[in-house]
Amino acid sequence: MSAEKKSFNVRVDDVLCKGCGYCRELCPKGVYALGQEYNAAGYTFMTVAAMDNCIGCRTCMMVCPDFAIEVSER
């Protein structure tokens, strides 16, 4: 069995995200932060602040009401 740590790509769709912050509140590793820019709908959206911290639990994907988050293995 390999002791190699898996890495994950995390993407937030800035068009769909409304910046509710559920992902930030529930992420056990602090991957997300609220961005400073606005999307076309006028919402500040979440950004990936620490992608290398992601452990691939996908809790963020499950709680996102806008289906704006994608987590995939690198």
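Residues were classed as buried under 20% relative accessible area, exposed over 50%, and partly exposed in between (1.4 Å probe, protein chains only). The model is predicted: local features need pLDDT of at least 70, side-chain atom pairs count only at pLDDT 80 or more, and totals for chains, interfaces and linings use all residues. Residues are numbered from 1 along each chain as its sequence is written, and side-chain values use heavy atoms, with hydrogens and water left out.

A salt bridge was taken as a side-chain nitrogen of Lys or Arg within 4 Å of a carboxyl oxygen of Asp or Glu. Three salt bridges were found by this rule. Helices (H or I, at least four residues) and strands (E, at least two) are DSSP runs, numbered from the N terminus.

D66 is buried, at 19% relative accessible area. K18 is partly exposed, at 42%.

R74 and D52 form another salt bridge, at 3.2 Å from N to O. This pair also connects distant parts of the chain, 22 residues apart. R74 sits in the segment after β4, and D52 in the loop between β3 (44–48) and α2. R74 is partly exposed, with a relative accessibility of 48%. D52 is exposed, at 57%.

R24 and E25 also form a salt bridge, their closest N and O atoms 3.7 Å apart. E25 is exposed, with a relative accessible area of 58%. R24 is partly exposed, at 36%.
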